[in-house]
Amino acid sequence: MDLALLDDRLQAAGQPAFRARQVWRWASAGAPGYAAMTDLPAALRARLEEHVPYSTLELAREQTATDGTVKALFHTADARPVEAVLMRYRDGRRSVCVSSQSGCPLTCSFCATGQMAFGRNLTASEILDQVLHLRRVEPLNHLVFMGMGEPLMNLDAVLGAAERLPDLGISHRHTGISTVGWVPGIRRLTEVNDMPLRLALSLHAPEDGLRSQIMAVNERFAIAEVLDACDAFYAKRRRKVFVEYLMLGGVNDTVAQARRLAELLDRRRYKVNLIPYNPAGGQYAASSRQAVGAFRATLEAHGLDASVRLTRGQDIDAACGQLAAKA
């Protein structure tokens with residue numbers, strides 16, 4: 001919900017300040033609407049129903065994958081499409097992937113979102129309402145800003161939403177922000193943020209020429225500059241940076257490229273997460289299991305902590321790189 005509008009309407013109605021805290025406590029606990037807030041006067045609940053929409057987003061469609069992953073497509077008040085995903089894991093993790101923009105201005109060649117027309121930055125309330133909707137499905141404990149858009153191009157709104165996440169059961173240490181290497185945002189996150197958030201870098205190639213082919217943003221911020229900013233983040237925050245590396249068959253998945261990647265990354269500062277490619281209607285194919293295994297083994301032989309991401313929600317286009325607001 002628009003929390004600023006909530007405060008304004010409560011003040012206009014002459015309500016005490018604690019009413020806003022009551023409403024938020026109910027909403028963050030998964031209440032389905034104002035009617036469930038039984039410690040608020042009935043007249044006030046009716047007034048809020050009329051004057052403060054319970055969400056800034058309208059649910060357009062919700063899908064559930066065979067593995068239990070839930071994808072929600074929303075529309076903003078100005079009809080911008082936004083998607084969020086709830087991922088369920090056997091170890092009890094309930095992780096939500098949220099969008100920070102409608103579409104994305106950075107047209108990475110492997111990403112379905114980059115093929116959309118860019119809409120705009122989302123507000124903190126629009127980001128938070130994605131989480132609140134999925135909190136009404138079930139309790140949550142992890143979150144990644146890894147949906148549509150580049151979070152560090154909308155940092156104020158992202159941090160504004162992140163501040164509220166512990167109230168929903170998601171600690172800041174279980175919250176991650178993913179970037180394609182937007183250096184001004186990495187440096188600003190390092191300086192202005194006092195929450196122990198995790199930083200994830202989408203790297204996807206160990207040399208500038210190839211990375212520029214895969215990700216146009218590399219023409220603006222080359223690998224050395226990006227890693228310098230990430231090193232500064234680690235130096236100040238003492239939190240390892242997760243390097244996301246999308247495994248593209250015959251493009252970036254050779255043992256030689258794994259060695260080059262290992263030479264770039266300080267094992268004390270970085271962990272590598274190898275991501276199987278999910279079809280997004282583009283030019284790429286997934287790396288074989290053998291190639292992924294050899295790549296991981298090479299990184300580990302050089303002392304790097306490397307893992308392979310478990311793909312979730314591929315059959316409903318909810319996996320990494322597939323969000324495109326398809327209705």
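User: Is Trp182 buried or exposed, and at what relative accessibility?

Analyst: This is a predicted model, where local features need pLDDT of at least 70, side-chain atom pairs count only at pLDDT 80 or more, and totals for chains, interfaces and linings use all residues. Residues are numbered from 1 along each chain as its sequence is written, and side-chain values use heavy atoms, with hydrogens and water left out. Buried means under 20% relative accessible area, exposed over 50%, and partly exposed in between (1.4 Å probe, protein chains only). Trp182 therefore counts as buried, at 12%.

User: Which residue forms an aromatic pair with Trp182?

Analyst: Rings of Phe, Tyr and Trp (its six-membered ring) pair if their centres lie within 6.5 Å; planes under 30 degrees apart are stacked, over 60 edge-to-face, the rest tilted. Here the centres are 5.3 Å apart and the planes stand at 80 degrees, an edge-to-face pair. The partner of Trp182 is Phe221.

User: How many residues apart are Trp182 and Phe221?

Analyst: Helices (H or I, at least four residues) and strands (E, at least two) are DSSP runs, numbered from the N terminus. Trp182 is in the loop between β8 (175–179) and α6 (183–192). Phe221 is in the loop between α7 (208–214) and α8 (223–237). The pair links distant parts of the chain, and the separation is 39 residues.

User: What is the angle between the ring planes of Tyr34 and Tyr54?

Analyst: A search of the whole structure finds four aromatic pairs. In the Tyr34 and Tyr54 pair, the centres are 5.1 Å apart. The pair is edge-to-face because the planes are at 70 degrees.

User: Which residue lies over the face of Trp24?

Analyst: Trp24 is one of the buried residues of helix α2 (residues 18–28). A charge sits over a ring if NZ of Lys or CZ of Arg is within 6 Å of the ring centre and within 35 degrees of the ring normal. At 5.0 Å from the ring centre of Trp24 lies Arg164.
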